[in-house]
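Biologist: Could you walk me through this one, step by step? I have some questions ready.

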Amino acid sequence: MEDKRHLLKQPLHGIYIPILLILGGTLIFGVEYLPYSIAFIVIVCSTQIFLALKRASSMHKTKWQDFELIDKTIIAPMTSIYRFKLARDDEVLDIPTGHHLACCFTINGKDEVRYYSPISNQFDAGFFDILVKHYEKGVVTRRLAQLAEGQTVKFRGPVGNLDYQPNMAKELGLIAGGSGITPILQVITSIITNPDDHTKISLLFANETEKDILLRAEIDEIASRYPDLKVQYTVTRPTDSWKGSVGYVNKEMIEKFMPENNGANRIFICGPPEMKKSLAKITEELGWQKDSLFLF
Ligand SMILES: Cc1cc2nc3c(=O)[nH]c(=O)nc-3n(C[C@H](O)[C@H](O)[C@H](O)COP(=O)(O)OP(=O)(O)OC[C@H]3O[C@@H](n4cnc5c(N)ncnc54)[C@H](O)[C@@H]3O)c2cc1C
């Protein structure tokens, strides 16, 4: 998707070329037309700058901006989707795949910054959604839970290090833990909505209980439509009827459900810090090279 934030830095598209053509024409037809040419150049430049400003993103990379909460939906125990309004009804939050937003609450004079990966996609205009898992003692998630519609929250972004390129892997293994599914879902959405991206995907999604599996219906629905997406769930506290894997993600699960470690395939991991630490060690033991792995 075009990065509209840089439009003003790329005047070649609509400013330099028309100006050169007008000045060239003036030289050919006579300098007496110069005042008309200058007037025309002013109109062209003003129009281009106006259009660029109109299309510019209301989310700023470094400057905090206030966004109004317009909807809040509880989707699972302790988990909600928060919808924030963008400046324009036709604006789409165009952030790179796997990147996230920084969210800031000033609490007792201290800025508390946490990161959230939008789950809305390039077809959602006028708003963006974040899915948030709440923690009883969570500094920021408790404040988010107390928000009423109409109140605002500070965000900036995009932030992130993943440089996802279509077909950068033949097969992509995705391992998510809990709310770590959010950036992983962005990667999946990016692949399945790009007809030129032929990456095969294997998702291994770990949770405590079956009830904690966030967005399960959506994931299963996508998997039923895209044969190139395989999904395996694992829970640490299964019920008697549970048919998925049991326990934390371990070496056996990676060998069984992740793509072959052959240099052409990659693994992306997102979850709580302890999970990432453990999986970094396991994947290293399994011979995965650092450049084939990405830890969010
Ligand atoms: C790149 C990135 C993207 C993220 N995207 C999302 C997202 O889309 N949705 C989302 O809900 N969260 C996401 N997170 C986590 C989020 O940034 C916060 O860390 C989380 O919301 C907790 O913030 P808090 O201030 O409420 O908790 P804190 O006050 O920071 O922590 C309080 C207590 O909560 C518990 N806790 C906090 N975080 C976790 C965790 N991840 N796993 C287990 N226990 C935890 C711990 O017991 C901790 O001691 C992301 C984090 C990163 C780094």
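This is a predicted model: local features need pLDDT of at least 70, side-chain atom pairs count only at pLDDT 80 or more; totals for chains, interfaces and linings use all residues.

Biologist: Why are the buried residues of α1 on the same side?

Modeller: Start with who they are: Ile19, Ile22 and Thr26 are buried in α1. They share a side because, around the axis, they cover an arc of only 70°.

Biologist: How far does α1 reach from its first C-alpha to its last?

Modeller: Helix α1 spans residues 16-29, which is 14 residues. At 1.5 Å a residue, 20 Å is expected, and the helix comes close to that with a reach of 20 Å.

Biologist: Now the sheet: which are its edge strands?

Modeller: Six strands make an open sheet with antiparallel pairing, in the order β4-β3-β6-β1-β2-β5. An edge strand pairs on one side only, and that holds for β4 (110-116) and β5 (127-133).

Biologist: What is the bridge partner of threonine 106 in β4?

Modeller: Strand β3 covers residues 100-107 and runs antiparallel to β4, with seven bridges joining the two. Threonine 106 has its partner in β4, and that partner is aspartate 111.

Biologist: What angle does the direction of helix α3 make with that of β4?

Modeller: Helix α3 (residues 139-146) packs on the sheet, where it touches β1, β2, β3, β4 and β5. Its direction and that of β4 make an angle of about 85°.

Key
Residues are numbered from 1 along each chain as its sequence is written. Side-chain values use heavy atoms; hydrogens and water are left out. Two strands pair if DSSP finds at least two bridges between them. Helices (H or I, at least four residues) and strands (E, at least two) are DSSP runs, numbered from the N terminus. Contact means heavy atoms within 4.5 Å. Axes are lines fitted to C-alpha atoms, for helices over the stretch in contact, and angles run from 0 to 180 degrees between N-to-C directions. The expected span of a helix is 1.5 Å times one less than its number of residues. Buried means under 20% relative accessible area, exposed over 50%, partly exposed in between (1.4 Å probe, protein chains only). The arc is that of the directions from the helix axis to the C-beta atoms.
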